[in-house]
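Hi everyone, thanks for making time this morning.

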Amino acid sequence: MRDWQPFLGLPLWVWLFVFPTLFAFFCLLQRDRAARLLRPIWKTLDRIYLGCGVVAACFMVLILLLIVGQMVARWSSMTFPGSTEYAGYAMAATSFFALAYTLTRGGHIRVSIFLNLNKFTRLWMDIAAMLIAAWTATYFARYAVKTNIFSKMLNDRTQGQDYVPEWLLSFFAMFATWPTEWAKLWAETGSEWVYTPVWLPQLPMSIGTILLAIAIWDYLFRLLVNRESSIGGETL
Amino acid sequence: MTEIYATGVFLFVLFALLGGSVWIGLALMGVAWVGMELFTSRPAGDAMITTIWTGASSWTLTALPLFIWMGEILYRTRLSQDMFRGLAPWMRYLPGGLLHTNIAGCTIFAAVSGSSAATLNMVGKMSIPELRARGYPEFMIIGTLAGAATLGLMIPPSLTLIVYGVTVNESITKLFMAGIFPGLVLSGLFMTYIVFWHFFSKGQKPDPEPPMSLGKRFAESRFLIPLFVLVFLVIGSMYMGYATATEAAAVGVIGALALSAAQGSLTWETFSQSLMGATRTSAMIAFILMGAAFLSLSMGFTGLPRALAEFIDGLNLSPIALIAVLTLFYLILGMFMDGLSSVVLTMAIVEPMIRQAGIDVIWFGIFLVVVIETAQVTPPIGFNLFVLQGMTRHEISYIAKTAIPMVGLMLLMVVILVVWPELATWLPENIRSGPGE
């Protein structure tokens, strides 16, 4: 527990693991009150998951376009520097953005042989499994964000031949700086292209894993409140 | 002693999480974390993200979503139905009749789709009602379908082979090429079985089909030809070295879009459905691969793979005995797990073992696919059986019984692969060198 710095006076792990777990207990014991509290945000959350699924789909189309571009460039004997890197980034973005969406549509697979034994295991084993999954996903998200922040601090650059325009970096950096600093940020932004800093393609990883963790906690709470899984099944 | 104790804890957590129905990707991550904490003082979280990021953003992986998407397009538009209809006129005079459409349909659909569940669903939806209406025995309809659907993972493109190739760091193009001949041989075995059944069984046989003119046959199969062109384009471009696996996949997606547009079944609805469906499947597999990447890192620290490889080495097993043991092992594992998970879960341990024993890694990939697919048609957990159950409403035990002859044929295929390894290794050794591979 050495690298869990305090946040608002409490260690970070208390915020990330203990409080959500306590809330899960609250959902278990006080179903009606929890339901009143949670029901209004369910619809919004579902829209966010779907929205990220659509973003993921867009990145999949982007992979296709990048690869077609690469082929066309080769046939017309031009070069498309860094195309494999760009495609790799798009691949990561597709996978990470779609994680939560896939979860809510029942797309992720699990070994359900014991789960389907009877009604009792159907509920309680699902609860236990989702709690463990929620902890793991929270851990995953926490370190994804940490790695992303470190990449920015160390100014880690790509190993390949891929460039991005500097204004794109400044645009995303705006979200991490105070509005008072924005003028300074844009004043320092040149118009040339620079080697891709690793933090930029890592952003989808942070967003996707955070969303996955939220989705699993969310569906755990729904399971505890409704006493039946809200995850839609899908054939195939 | 503490080492053994720690290994015990590690394995216990592995089975507890997987059996406890935690999603496979997260279960693998959880186990890997336990392994890191038990066996090394390296910071687990940072190592985890570094490994996962490298794996998730790799160029090799980009073939995965594109091949899935290509299959989805053909599956959700009317293209595959027409393909099936076009196939039937050519099969009707063979001994065993239209039962052969099950096999041929699966073989062709396998060449455009990477998953056996999708193959089964597609072909089954078309063929079961038709064959039933013509009075073919139920036992044969279900059995041949259950067996032939497994070709979906054998004949390129194959999702299992992509996952295997990414896990063991081998060329996906080579693995795809290696799957072609064994896939065709297996398909031939199934067809031979139908012919044998036709001549030797005493049960009911449907009446022969009325004759059909050659012109009508070609008219019926007009969508078969462009699809064949697409298949040849995808596989041929890889074989000739014009394109990498990913580029061939991109060609496949564009070709599938163009064909379905030409046929008039490409609507905004089918397009978005295929795209979102592909996004889900691709994310599901990518998630498992993320967990597997972290697990194999952690496995390395536990010393388990090395110890097992040394143990196997110390036994002085011949490669054939090793293969026999592994066949049994994967059959048992496949009873409880789906194919993809059993590949990613075991490769960290099995890979050093087979490299030590001097077994060709490409060949092993094909062997693995056959064995894992056999496990998918054996109870209690057989994914193909579940799909068939959903489609036909038969008891799972009945479906499993109909598939027994197919399981026998697939085990025969394993033997054939062991006796003639060239079946898998010849083609990949003879491809032209491709761009950037």
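Predicted model: local features only at pLDDT ≥ 70, side-chain atom pairs only at ≥ 80, totals over all residues.

Reading from the N terminus, the order of elements is β-β-α-α-α-α-β-α-α-β-α.

Now to the place where the two chains meet. How many residues does the contact take from chain A and from chain B? It is 59 residues from chain A and 59 residues from chain B. The size of an interface is often given as the accessible area lost when the parts come together. Here, the area buried between chain A and chain B is about 5,100 Å², and carbon and sulfur atoms give 78% of that.

What about polar features across the interface? Between chain A and chain B, 8 residue pairs are in polar contact, counting pairs with both residues at pLDDT 80 or more. On chain A's side, helices H2 (31-75), H3 (83-104), H4 (119-153) and H7 (199-226) each supply at least two of the residues that touch chain B. By class, that side of chain A divides into 41 nonpolar, 11 polar and 7 charged residues.

Let's talk about charges. Side chains of opposite charge can pair when their charged atoms come close. Over all chains, the count comes to 10 salt bridges, and 2 salt bridges are found across the interface of chain A and chain B. One of the pairs between the chains joins Glu247(B) to Arg74(A), with the closest N and O atoms 3.0 Å apart.

Within chain A, there is a salt bridge between Arg110(A) and Asp126(A), where the closest N and O atoms are 2.9 Å apart. This pair links distant parts of the chain, 16 residues apart: Arg110(A) sits in the loop between H3 and H4 of chain A, and Asp126(A) in helix H4 of chain A.

Next, helix packing in chain B. Take H6(B), residues 99-110, and H10(B), residues 172-200: their axes come within 10 Å and cross at roughly 175°. H6(B) and H10(B) are therefore roughly antiparallel to each other. Among the residues that meet are Ile103(B) and Ala104(B) from H6(B), and Phe190(B) and Met191(B) from H10(B). This contact has 9 nonpolar, 3 polar and no charged residues.

A second pair is H4(B), residues 63-76, with H12(B), residues 224-239, packing at an angle of about 175° with axes 14 Å apart. That angle makes H4(B) roughly antiparallel to H12(B). Phe67(B), Met70(B) and Leu74(B) in H4(B) meet Leu227(B), Leu230(B), Val234(B) and Met238(B) in H12(B). What classes of residue does this contact have? There are 7 nonpolar, no polar and no charged residues.

Finally, the backbone. Most residues other than glycine have a negative phi, and most peptide bonds are trans. Ser77(A), in the loop between H2 and H3 of chain A, has a positive phi near 45°. In chain B, the peptide bond from Pro156(B) to Pro157(B) is cis, with omega near -10°. Pro157(B) is in the loop between helix H8 (138-148) and helix H9 (159-168) of chain B.

Key:
Residues numbered from 1 in each chain as written. Chains lettered and ligands numbered in written order. Heavy atoms only, no water. Contact = heavy atoms within 4.5 Å. Buried area = accessible area lost by both parts, 1.4 Å probe. Salt bridge = Lys/Arg side-chain N within 4 Å of Asp/Glu carboxyl O. Polar contact = N/O pair within 3.5 Å; in protein donor to acceptor, adjacent residues only side chain to side chain. Helix = DSSP H or I, 4+ residues; strand = E, 2+ residues; numbered from the N terminus. Nonpolar A, V, L, I, M, F, W, Y, C, P; charged D, E, K, R; others polar. Axes fitted to C-alpha atoms, helices over the stretch in contact; angles between N-to-C directions. Parallel < 35°, antiparallel > 145°, perpendicular 65-115°, else oblique.
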